[in-house]
Amino acid sequence: MSNSNYIETKLIHGGIDGDKVTGAVNVPIYQTSTYKQNGLGENTGWEYSRTGNPTRAALESLIAELEGGVAGFAFASGMAATSTVLSLFKQGDRIIISSNVYGGTFRVLDKVFKNLGITYSIEDTTDLKTLESKITPDVKAFFVESPANPLLTVTDLAGVASVAKKHNILTIVDNTFMTPYLQRPLELGADIVVHSATKYLGGHSDLVAGLAVVNSKELAERLAFTQNATGAVLGPFDSFLLIRGIKTLGVRLDRHTENAENIARYLEKHEAVKHVYYPGLPTAQGYEINKKQAKNGGAMISFELRENYDIKKFFKALTLVSLAESLGGVESLVCHPATMTHASIPKDIREKVGITDGLIRLSVGIEKVEDIISDLNAAIDVAKEA
Ligand SMILES: *Cc1c(COP(=O)(O)O)cnc(C)c1O
């Protein structure tokens, strides 16, 4: 535990800091599967690395401190974190998910957990009154994201959590897009936070990892049991890399968001752009709620080019910004939700919810903002049809 009240310091000194044995300022990579026992029933507290590993434990205590939770858990991917959390439920339970949760979360519920008798329904979590009316006795949890992909829809997390508490159900928040540096759902009343640490927490597009944090001892015991029983743990080397990434999260996100605010304002004024989705713009859906629950609007922007711009030409003409899946790395990335992340949704449904063919999602990196803007500008010029 760090003694600081400031997250900037906790990012660097939180959890288990350094190595007591040698004084090394970094937690060593304990690349071991097992630990020697001095006699029957005499162990060092470490028995087998699926159950516990000191490098992973350092990361787990770090994320618990950052999110303000009771315990943290590290997994082999964001989906492993989510799946392990979903494994806390049983046959007959139903989970209400927001209408735009991450596609992989929808897929694992629809194609894996549904077969095991854990069902789901999709609701608009931005409308608390309607959401509350959808609660039936089998509903055991809300699973929400804010802002959510790809239209950066903001959900009132404290509002959802208070509805959940009233009905004795759990609130699970996927906090990947914001990270604890910008938003801490447990402080807003949520019970469980999950992360794809592959994104901002890792921050360098060089690692796949997931994290979960819980707000009670009871949930901590259940999740520790499930993590060990199902076994999708993060390895020691990746745990080390993730700790390393988290140390610079604050400075990275300061630059990411400063760049994003500039780019959002630039795009908003551009004649080629029909609409900008960015929770940091005062004109955005949920701007006030986001301002209340998060430090700023984050660094994900979606925008829609007008119909007379050729989207294929736009993507081809980019030279600095890469066309790729994923987000949250130091480099700027764009993707085309209609044909990439949301391709499985039929076109008419996609269009209805705003995921049009002209929609572009931008993960703003930490390059010099002038370079990102001039790359976007040049590509928009090329995309303009004569
Ligand atoms: C990427 C992502 C996930 C899945 O994480 P993986 O590390 O790819 O398994 C879950 N939620 C959100 C919001 C994501 O962006």
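Predicted model: local features only at pLDDT ≥ 70, side-chain atom pairs only at ≥ 80, totals over all residues.

Modeller: Of the 13 residues around the ligand, Met79, Asp174, Ser196, Thr198 and Lys199 come nearest. Residues are numbered from 1 along each chain as its sequence is written, and side-chain values use heavy atoms, with hydrogens and water left out.

By class, this shell has 5 nonpolar, 5 polar and 3 charged residues. Ala, Val, Leu, Ile, Met, Phe, Trp, Tyr, Cys and Pro count as nonpolar; Asp, Glu, Lys and Arg count as charged; the others, Gly among them, count as polar.

Now the polar contacts (pairs of N or O atoms within 3.5 Å). A backbone N or O atom of Gly78 lies 2.9 Å from an oxygen atom of the ligand. For Met79, a backbone N or O atom also lies 2.9 Å from a ligand oxygen. Asp174 uses its side chain: a polar atom there lies 2.6 Å from a nitrogen atom of the ligand. Taken alone, the ligand exposes 380 Å², and the protein buries 90% of that. These areas come from the Shrake-Rupley method with a 1.4 Å probe.

Note on methods. Near = heavy atom within 4 Å. Polar contact = N/O pair within 3.5 Å; in protein donor to acceptor, adjacent residues only side chain to side chain.
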